[in-house]
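Please describe the fold and the local side-chain features of the protein shown below.

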Amino acid sequence: MPSTQKPMRYGHTEGHTDVCFDDIGSCIVTCGSDGDVRIWENLDDDDPKSINVGEKAYSFALKNGRLVTAVSNNTVQIHTFPEGAPDGILTRFTTNANHVVFNRDGTKIAAGSSDFMVKVVEVTDSSQQKTFRGHDAPVLSLSFDPQDVFLTSASCDGSVRVWKISDQTCVTSWPLLQKCNDVINAKSICRLAWQPKSGKLLAVPVEKVVKLYRRETWDNQFDLSDNFITQTLSIVIWSPCGQYVAAGSVNGCIAVWNVDTQECMERMKHEKSYTICGLAWHPKGGQIAYTDTEGNLGLLENVCNKDGKKSSGKVSSAVAKDYNDLFDEDDDFLNMDLIEPRSSPKVISNEEEDDDDLMLASSYPRHRGAIIEDDENSLDTALMKVNSNLEKDDDNDQDGSIPILPVSTTQRPFYDGPVPTPQQKPFQSGSTPSHLTHRFMVWNSIGIIRCYNDEQDNAIDVEFHDTSIHHATHLPNSLNHTMADLSSEAILLACESTEELASKLHCIHFSSWDSNKEWTVDMPKDEDIEAVCLGQGWAACATSAMLTRVFTIGGVQKEIFSFPGPVVSMAGHGEQLLVIYHRGTGFDGDQCLGVQLIELGKKKRQVLHGDPLPLTRKSYLMWVGFSAEGTPCYVDSKGIVKMLNRGLGNTWIPVCDTREYCKGKSDHYWVIGIHENPQQLRCIPCKGARFPPTLPRPAVAILSFKLPYCQITTEKGQMEEQFWRSVLFHNHLDYLSKNGYEYDENAKNEAAKEQQELLMKLFALSCKLEREFRCVELADFMTQNAVNLAIKYASRSRKLILAQRLSEMAVEKATEMAAPEEDDDEEEEEDFRNHLNAGYSSSTTEWSQPRVRNLHEQDMEDSKEADAVEEVEEMPEMQKFRQNPFCKTVGLPEMSTPKSAVITSSSQGRVNPFKVSANQKDPTTHSANILDNMSKFSKNTPTPNSRAVNKQKSPVIKPLIPKPKSKQALAATFFQPRPPHAGDKTEEKEEKAETILPEIQAAATENKRPKTGFQMWLEENRESILADNPGLEEADIIKEGMSRFRVLSSDERMVWTEKAKGGASSNSAEAKKRKRPADAKNEGKEKREEKSKEDSSLPKKRKPLDPSINVRLSAFAFKQS
């Protein structure tokens, strides 16, 4: 199995970087030009222990708990390991030492300096020193003979020398290297090495080969080379078994040879071709750590593993991306304390460090050692331990357990399937690991809570971004709180239980108007708080008993509910509570998480019912919360930000990949907040870590969102991504409006405008590419107004077939929008009750009010008034179209298709727009151009004309007379609900089309609704409503009128109803007298005169013009649309 290369990570600042493992391979140790020695528990350790040894560290060696470093003050120092306490100076040089090494038993160190000298010093007694002189240039590297007889050195003078330690004499010398005057100019640092244990061979990197010299005879036995090596090798190391040699080159190539066969076993290329300056083989084999001259640290796994087994050791990946080391002793060292076996397996280890025995959570003894892979480098001992433990645990075996089979060292394990993933530990979003002495307990959009737990102080600092909410606060932390959340109302803290004290939830309600602003609740015995969150007027905590406990912000206990697995994290916003928990066991590195979204308002309901949380492969949860607008979001360890798409059945969609913004593979972004308007991802860049330090104060960066659509580099792909991103990030406006929250109407209008502009651009692009079918697909997303423009564009582009198709689509769209809203309401309510809705909750007032369709059942006398109220309620924001009053079968269950005037090319013929179809379900007009009067709905710039249209009580079709010999023209069809007191639609129809059929006219007259009591009351009280609420728009005036009308007593409403009935009877009597179009015309004139007296603000109606004038006006209206 070939070796696997882990992504490199930032280790030190730019410059020479050295690396080694500790004696047992439990950690990686590095030193760099920043003067720090860092101890990494694994490659993904984001919080390595750091020991500062000087301004600059050139080299270091580690053995038997002693750390020796060559630093910039020309000394060789010694520190204790891993504590890092200084333990004196071993020796000094006149210039800096370039390399230090231990002998095999750790009793001596050798150091080579730029002053041409080499010294060997006793570690326990530094006065015992030996100096080796003979080099004529700075010393590059040193290596002890495993038998402590010889010492080899390489120098910038081009020579490699072998010294006899006892008498400090030079045994032999080879002129192998290129000469130079200083280490910085050396083409190779020539890190040479003796074969372990026996010391039979000495490996020296020379140019592109590794030369091996035999001990005593000093003959060049053979060279190791490969075509993969294209530049000079600078460093060579032996495997602990002495069978393999690894070498690194100045252009980032690493090769591994089998010394016996001289065959190249592994080849690896540095991802950025930096010079390899440090190599270290794991003491148990299987892994090679390497560093480059830019300060980066990398790891190779499965090096020369014939059986393809994963190597063990704490140095395996922190998140354990492959998780094949699940049952090793390394589970305590998974990344950031975020991953742990939730089933809490107990480690039953012997005194030896490499013991891998482990009891599984199911209480079965681990006799599966013959089946589940263990440390391949200690296979014999591991299997012996397994078998010995099997004998001990044999009495405890349950029936049906796997029989014990004798396993030879060469037998391949039986089980090769998926490996369970250690479950992620609970965490607070916006917090850094709890083991840090200085850490963030939470960083969110309200403020920052820091915790300081050192020798001097154990306290909590609270800082608010907006000091008008509250001033900064300093709190003692005597209870050792480890969890916190912050809102604009309160600070919520929680601590784990101890032997004496129970787990406590502590709330500081700083927005309280009384003097008692704090309360504390003790959890029951053996129940620990694992996550906390705050919402609007409530607080919640999740405990180890898999319970969520909800409290009011003042401390009253409210609901308690269980969740199906151990909690991972939770978040709150407004009335929404989001809980993430383990819904099962993941495999092969994947977490198996579930999510519950609950609304805790007056109308409590569950939106997400334990649905699986879709994480990126082999990742875990890093942050979960809500956007500032209240949309649930989360971030995983691969840097993928996902958001709940309420518009698509509460699915999750990735909206950003923070890794695209990272410069290095070890860099990350720590998310602290998400905003949908403006579209901003607020986070903190972390170089070489997953989280920031508390000091210095981190700087916040703002990243932009990008949906992962295909071909994003093309113009089409960019516009598609922008369109759907605009749709997604404005879904919250619909949610807010449904739940009775305030929202910015201008933002909604701007979003709709932006979306329609993008669709028109895509439409134009598709037209240019002759993609007419695609044009029709795009038009399906458009509003009526945009479809109108699309028809015009298609006509001018001479795409008449496309224009015809779009006209048909416009008719179908109008038909669909004219369907009764009652059916939609019933479906929505049914979906709500069956938990199949798209996540939109209705406000309390909306559900508490009786349905409009039930008013007729409750009060027969107010049926007409109820119809008017229903009509007005449906009109304002929804912009849905009502029935066509020109259809005779208005009362039939099937909705008749609205008829529309059609103006087509002269080559396509004319169609009578007012012909009544025998089949009411299918339009006779197969092509019609619908002009949406969407601009008439603009509440920002009302005009007299738009107001007149908005006042119409029922839809009105305004046909335009065709213009002769036009290439392609449009007809405007207005489907628009109107407020009560509007002009008579019959007269309007007569003015626009004098040739209308008598039966159509009669149908329109019969379908005309009389004024209701509410409409007459609103006419009388409009001025008072405007006086109390100046600047109200038309829809808001109607809403305010409805609320005031409902407040009236039943007697008062009855009076207005009777008035309306009286006016209606007289109107109907007059309508029956209309036998001829001429009579209707005269009646229309009388109505016009009356209407002009009642409402002087409406534009005056003109007399019907002759057909030629109408033709010119229709062309003008087409251009203006």
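Two strands are said to pair if DSSP finds at least two bridges between them, and the elements themselves are DSSP runs numbered from the N terminus, with helices (H or I) of at least four residues and strands (E) of at least two. The model is a predicted one, in which local features need pLDDT of at least 70 and side-chain atom pairs count only at pLDDT 80 or more, while totals for chains, interfaces and linings use all residues. Residues are numbered from 1 along each chain as its sequence is written, and side-chain values use heavy atoms, with hydrogens and water left out.

## Overall make-up

The protein holds 19 helices and 52 strands. Of its 1121 residues, 53% count as buried, where buried means under 20% relative accessible area, exposed over 50%, and partly exposed in between (1.4 Å probe, protein chains only). Contact means heavy atoms within 4.5 Å, and among the contacts with a separation of 6 or more, residues 24 or more positions apart account for 53%.

## An open sheet

Strands β46, β47, β48 and β49 form, in that order, an open sheet of 4 strands with antiparallel pairing. Its edges are β46 (621-626) and β49 (651-657), each of which pairs on one side only. On average, neighbouring strands of this sheet are turned by 25° against each other, direction ignored; the axes behind such angles are lines fitted to C-alpha atoms, for helices over the stretch in contact, and the angles run from 0 to 180 degrees between N-to-C directions. Strand β48 (residues 640-645) is joined to β49 by 6 bridges, and the two run antiparallel. Asn645 has Thr651 in β49 as its bridge partner.

## Aromatic rings and charges

A pair of aromatic rings is described by the distance of the centres and the angle of the planes. Rings of Phe, Tyr and Trp (its six-membered ring) pair if their centres lie within 6.5 Å, and planes under 30 degrees apart count as stacked, over 60 as edge-to-face and the rest as tilted. The structure holds 21 such aromatic pairs. One of them is the edge-to-face pair of Phe464 and Phe510, with 5.3 Å from centre to centre and 85° between the planes. This pair links distant parts of the chain, 46 residues apart, with Phe464 in strand β32 (residues 458-464) and Phe510 in the loop between β36 (504-508) and β37 (518-522). Phe464 counts as buried because its relative accessibility is 4%, and Phe510 counts as buried at 10%. Elsewhere, Phe150, Trp174, Trp194, Tyr213 and Trp218 form one aromatic cluster.

A charge sits over a ring if NZ of Lys or CZ of Arg is within 6 Å of the ring centre and within 35 degrees of the ring normal. The table gives two examples.

| Charged residue | Ring | Distance from the ring centre |
|---|---|---|
| Arg646 | Tyr735 | 3.9 Å |
| Lys1059 | Trp1056 | 4.2 Å |

## Backbone features

Most residues other than glycine have a negative phi, and most peptide bonds are trans. The peptide bond from Phe81 to Pro82, however, is cis, with omega near 5°, and Pro82 is placed in the loop between β9 (75-80) and β10 (86-92). Leu695 and Pro696 are also joined by a cis peptide bond, with omega about -5°, and Pro696 is found in the loop between β51 (680-686) and β52 (701-703).

Gln168, although not a glycine, has a positive phi of about 60°. Gln168 lies in the loop between β17 (159-164) and β18 (169-175) and, at 32% relative accessibility, counts as partly exposed. Asp526 is not a glycine either and has a positive phi of about 60°; Asp526 is found in the loop between β37 and β38 (529-534) and is exposed, with a relative accessible area of 71%.

## A helix pair

The axes of helix α4 (residues 745-768) and helix α5 (residues 772-779) come within 8 Å and cross at roughly 170°. That makes α4 roughly antiparallel to α5, given that angles under 35 degrees count as roughly parallel, over 145 as roughly antiparallel, 65 to 115 as roughly perpendicular and the rest as oblique.
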